[in-house]
Every structure is written in structure tokens, then in C-alpha cells.
Amino acid sequence: MNAQLQRALRSPALAFVGLALVWELCVHAFAPSPRYLPALSAIAQDAWSVWPQLMRGFGRTLLETVLGFAMGAVFGCLCGTVFTYSRWMERSVFPLFVVSQTVPVVAFGALIVIWFGNSLLAKVMTAFFLTFFPVTVNTLRGLKSCDPQRMALMKSFGANRFTMFFKLAVPSALPQVMVGLRVAIGLSLIGSVVGEWFGETVGLGVMLMEAMNADLVVRLWVVMFACGLMGALLYGLLTFVERRLVWWRSES
Amino acid sequence: MLELVNVWKRFGEAQAQTVAVSGVNLRIAKSEFVTLVGPSGCGKSTLFNMIAGLLPPDDDGSLLFGGAPQRDGQLLGKVSFMPQRDLLFPWRTVLDNAILALEVEGTPRKEARERARAMLPEFGLAGFANHYPHQLSGGMRQRVALMRTFLFERDLMLLDEPFGALDALTRTRMQHWLLELWARHRRTVLFITHDIDEAILLGDKVLVMTARPGTVKSETVIDLPRPRDPSVVLTPEFIGLKQRLLAEIEEESQKTFAQEGTAS
């Protein structure tokens with residue numbers, strides 16, 4: 001019983017409820033202008049009033065985020081692998097990757113609209129642009145940190161490069177790759193929201209812009225909560241996958 | 001079986017050159033258990049890597065395996081090699097770690113697992129087939145590594161201080177267990193250690209290496225009767241051998257010490 005209580009006290013759900021309580025109390029006690037801090041109930045009410053639009057926006061942004069993330073993940077893993085095994089590529093192309101990341105994604109917005117039009121693909125590309133880099137870097141690092149003694153052992157068994165890669169290098173890089181993916185999923189969400197600012201009619205980013213232009217402060221909070229919820233969901237899902245895939249992490 | 005003729009290994013160029021192994025001659029006959037002792041940093045591991053085929057020896061000597069000279073990398077896959085660390089893959093179960101070499105060779109997984117499963121009791125791992133390395137004790141992990149080496153059936157087994165990291169009691173148990181195993185299978189073994197007792201207890205022949213640059217200083221045939229039980233270490237013959245070898249190694253250790261003194 002006691003252990004159960006302790007676990008409940010430590011769970012994040014309790015922290016959320018606590019924060020919500022403090023929030024409501026503050027609103028009741030100090031009655032700030034809703035411009036600065038609206039009551040949670042007001043936010044919920046506002047969310048309910050635009051429920052269909054909110055759901056559609058949520059779905060759309062989720063789709064963009066997931067697609068951008070998937071593309072970035074695949075591309076990042078490929079590039080990380082190529083850079084690991086080709087010194088030449090690492091020296092010549094990798095610096096370009098670094099430079100590309102120093103340009104803020106907002107600066108690319110207009111260009112992306114010109115290239116990809118006002119399409120789903122345009123938002124996916126902004127999300128992709130933010131995600132491929134952390135995945136590349138972490139894949140590269142993961143593959144390079146493969147234990148040389150284990151590689152020697154595999155070699156002494158007569159393993160070729162192919163076997164070595166799939167039986168040793170990939171599994172040992174996996175924990176590091178997962179680190180990159182966890183960073184990337186959050187960035188992908190940012191990418192798709194920002195991408196929507198450059199012209200779109202559906203999406204959380206669109207709702208955010210509209211709320212900002214119309215000075216709907218409560219709506220801003222609604223969208224913020226929606227984004228937070230999506231981020232947490234995706235992150236949670238990824239953590240779940242990671243636990244199944246690289247459960248041996250604890251060892252080293 | 002294995003013969004090293006005037007094998008050298010130097011690292012670096014001209015002035016900054018270090019000679020790790022110099023003019024090593026040794027010969028291991030089939031089914032022989034040869035142990036190699038030497039002070040730390042004497043080039044044991046370099047010698048080992050050369051025999052495993054991981055490092056090419058310098059051109060002035062030759063390495064013969066089964067009578068044929070071996071060129072760069074030709075030894076890979078011919079010698080079953082067990083390094084100091086167990087190097088188990090944390091994502092593989094005991095059984096799958098044991099069959100790693102077989103898998104690399106291309107043996108179908110099912111067949112390889114069957115063979116490994118049959119060997120588990122002999123290695124004291126019965127009932128642990130599906131455990132993961134982090135669930136095992138140090139001694140068990142080492143036995144899994146040894147089983148992996150055993151399943152990679154090659155004429156020569158190279159063991160590099162396999163029990164070095166174990167506590168004294170576990171080590172003694174493992175030594176006797178290894179002797180029994182060897183008596184049954186009679187593989188040719190080259191066993192590196194820095195523990196003289198271990199070298200005498202296990203070997204048919206003890207080779208002592210000199211301080212860096214390493215070379216074989218002496219070769220002592222151990223004619224203690226087999227099977228050797230734990231009490232053999234208390235016999236006068238054993239103690240006599242130990243005293244002699246200890247003196248030799250002590251001499252080499254002091255040289256290493258003196259070298260380090262002048263270097264700094």
C-alpha cells in the first residue's frame with residue numbers, strides 16, 4: 001500500500017494535477033487579466049468552441065510532423081552510415097550539413113514555398129530540414145564508437161564487412177541513434193508548425209497565427225496545449241519503442 | 001601445428017620506433033597446452049594479435065600454421081581467439097552469444113543453437129540459455145566467452161588471460177574446470193597469463209617472455225602428471241618449478257622497472 005502511494009506521489013500525473021490546481025487557485029486569488037493568465041476552465045471552454053477545427057488542425061500537423069520525422073530519420077541514418085564508412089564523404093559533405101543547420105529554418109520558409117508550393121510536402125520539408133541533422137550526427141557517433149575489440153573478435157571469426165555491420169555495428173549504435181531520434185521528434189513538430197506559417201489553411205501553426213493576428217489570447221493557450229500534448233505523445237511513443245528495441249542499454 | 005620463426009613487430013619510424021616483439025621463436029605441437037608468462041607490457045598482446053591474424057608481423061620472420069607460411073590476414077578465421085574481456089554482445093542471449101562464430105561462418109541458426117544447447121551443461125550454464133549477459137556473474141560470462149571460442153572449432157585456441165579479471169576462488173575453480181575440458185577435447189591451446197601458478201598448473205610447457213622488446217627467454221617443460229588436482233600446487237616439484245620461473249620473471253620485471261626509470 002505504502003509503495004503504491006509512493007509511486008503515485010512520484011508519477012508525473014500528480015505533478016500535472018498539482019500544477020493545474022495551483023493555476024486555478026492563482027487565477028481565483030489574484031484575478032489577473034485573462035490577457036496574462038486565463039483560467040484553465042476558460043481555455044477548455046474555448047477549445048470546445050473550436051473543437052472540429054482543432055481536431056482537423058491537430059491531425060494535419062501530426063501528419064506533417066510524422067512524415068517529416070520519418071524522412072529525416074531515414075535520410076539521417078543513411079548519411080550517418082555513409083559518413084562513417086567513407087572518410088572522403090565525411091570530409092567533403094559533412095561540413096555542408098553543418099552550414100545548412102546554421103541558417104534558421106524561418107529564413108528558408110519563402111524558398112520552400114516557391115519550391116514546393118502550398119502543399120503538404122512544403123511543411124514536411126521544413127520538418128525534415130530540422131530532423132535529419134541530429135539523426136545523422138548521432139548515427140555517425142554511434143557507429144564510430146563501435147568497440148574495436150569486439151570488431152577484432154568478429155574479424156578473427158572471419159567476418160566480412162557486411163556481417164560486421166549488421167551483427168555488431170548496427171546494434172551497438174542503436175542506443176545513440178535513439179538519442180538522435182528523440183531530439184528529432186521535438187524538432188520535427190517545430191518544423192511543421194513553422195512551415196504552416198508560410199501559407200496554409202489547416203493546422204495548429206495556422207491556428208496559432210490566426211490567434212496572434214486576432215489577439216485571441218485564450219486561443220493561443222489552446223494551441224499551445226495542443227502542441228504540448230502532441231509533442232508528449234510522440235515522445236512517449238518513441239520512448240516506448242526504444243525500451244523494446246534497445247532494452248540492454250542499462251548494461252554499459 | 002604453429003611455428004614462429006624470428007618474428008618481429010616494430011611500431012613507428014626510425015628514432016621514435018618501439019620494438020614490441022623481437023625475434024620470437026616458438027613452436028606448438030598438436031594437442032599441446034602451452035602457457036606464456038611475462039611481465040606486463042612485454043608485448044604479449046602484440047604477439048597474440050599476430051597469431052590471431054589481426055596484426056601482420058614484420059617481414060623479417062615468418063609465421064607457419066600447419067607447415068604453411070601465413071601472409072597478411074590469412075590467419076583470420078583459422079584460430080579461435082579469446083581476448084581478455086569477455087566481449088559478449090549485450091543484446092544476445094547466452095545461447096546466441098555462444099553461436100556467434102558459427103553464425104559468422106554461415107551455419108544455420110537452428111543447427112548452431114542445437115549444438116550450443118548440448119554443450120551448456122558442460123560449461124556450467126545449464127538453464128541459462130536464455131539469460132542475457134548482464135544477468136550473469138563474471139565467472140559465468142567468462143564461460144560463455146569460452147564456449148563461444150570452443151564452438152568455433154579450430155585447430156588452435158588462443159586464450160589471452162581469460163581468468164585475469166576473476167576473483168581468486170572463482171579463478172581456481174575455472175582453471176580446474178578448463179583442465180577437465182581440455183582433457184576431454186584435447187585442443188591445441190596457447191594460453192597467456194601473468195600468473196605463474198596458473199601457467200604451471202595448466203601447461204605442458206611454460207614460455208617466459210622477456211621485458212620489452214619481448215622475446216621468448218626460456219622454455220620449461222612441465223612434467224607434472226595429469227590429471228592435476230588442486231593439491232598439485234603444494235608438491236615439491238611444483239614449488240621447485242615455481243621458484244625457478246619466479247626468479248626469471250623477477251629479473252625481467254626489474255629490467256622493465258629500470259627502463260621506465262631511465263625513460264622518465
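1. Position of B:Thr93. B:Thr93 touches B:Ala129, B:Asn130, B:His131 and B:Tyr132, leaving aside residues up to four places away in sequence; two residues are in contact if their C-beta atoms, placed from the backbone, lie within 7 Å. The residue lies in the loop between β6 and α2 (94-98) of chain B. Helices (H or I, at least four residues) and strands (E, at least two) are DSSP runs, numbered from the N terminus. B:Thr93 is partly exposed, with 19 other C-beta atoms within 10 Å. A residue counts as buried if 20 or more other C-beta atoms lie within 10 Å of its own, as exposed if 12 or fewer, and as partly exposed in between, with C-beta atoms placed from the backbone. From B:Thr93 to B:Leu76 there are 17 residues in sequence and 25 Å in space, C-alpha to C-alpha.

2. Basis of the note. This is a predicted model, in which local features need pLDDT of at least 70 and side-chain atom pairs count only at pLDDT 80 or more, whereas totals for chains, interfaces and linings use all residues. Residues are numbered from 1 along each chain as its sequence is written, while chains are lettered from A and ligands numbered from 1 in the order in which they are written.

3. Strand β6 of chain B. Strand β6 (residues 79-82) of chain B is covered on both faces: B:Val79 and B:Phe81 on one side, and B:Ser80 and B:Met82 on the other, are all buried. In a regular strand the side chains alternate between the two faces of the sheet. β6(B) runs parallel to strand β7 (residues 156-160) of chain B, and four bridges join the two; strands are said to pair if DSSP finds at least two bridges between them. The bridge partner of B:Val79 in β7(B) is B:Leu156.

4. Antiparallel sheet of chain B. Four strands form an open sheet in the order β2-β1-β4-β5 (chain B), with antiparallel pairing. β2 (18-28) and β5 (68-69) of chain B stand at the edges with a single partner strand each, so one side of each has no neighbour in the sheet. Within the sheet, β1(B) and strand β4 (residues 62-65) of chain B pair in the antiparallel sense over four bridges, and B:Leu4 stands opposite B:Leu63 in β4(B).

5. Domains of chain B. The domain assignment gives domain 1 (2-78 + 155-263) and domain 2 (86-153) of chain B; such bounds come from an automatic or database domain assignment. The contact takes seven residues from domain 1 of chain B and five residues from domain 2 of chain B. On the side of domain 1 of chain B that touches domain 2 of chain B there are six nonpolar, one polar and no charged residues. Here Ala, Val, Leu, Ile, Met, Phe, Trp, Tyr, Cys and Pro count as nonpolar, Asp, Glu, Lys and Arg as charged, and the others, Gly among them, as polar. The centres of domain 1 of chain B and domain 2 of chain B, taken over C-alpha atoms, are separated by 26 Å.

6. Interface between the chains. In total, 20 residues of chain B are in contact with 16 residues of chain A. On the side of chain B that touches chain A, β6 and α3 (100-105) of chain B each supply at least two residues, and the largest share, four residues, comes from α3(B). The residues of this side divide into 15 nonpolar, three polar and two charged.

7. Helix α11 of chain A. Helix α11 (residues 217-245) of chain A has 29 residues and reaches 42 Å from its first C-alpha to its last, close to the 42 Å expected at 1.5 Å a residue. The expected span is 1.5 Å times one less than the number of residues. The buried residues of α11(A) are A:Arg219, A:Trp221, A:Val222, A:Val223 and A:Cys227, and they pack against α3 (40-49), α4 (51-85), α9 (161-196) and α10 (204-213) of chain A.

8. Backbone points. Most residues other than glycine have a negative phi, and most peptide bonds are trans. A:Asp215, in the loop between α10 and α11 of chain A, has a positive phi of about 60° although it is not a glycine. A:Asp215 is exposed, with 9 other C-beta atoms within 10 Å. B:Asn6 in strand β1 (residues 2-11) of chain B has a positive phi of about 45°, again without being a glycine. The peptide bond from B:Arg226 to B:Pro227 is cis, with omega near -5°, and B:Pro227 lies in the loop between β10 (216-221) and α8 (236-263) of chain B.
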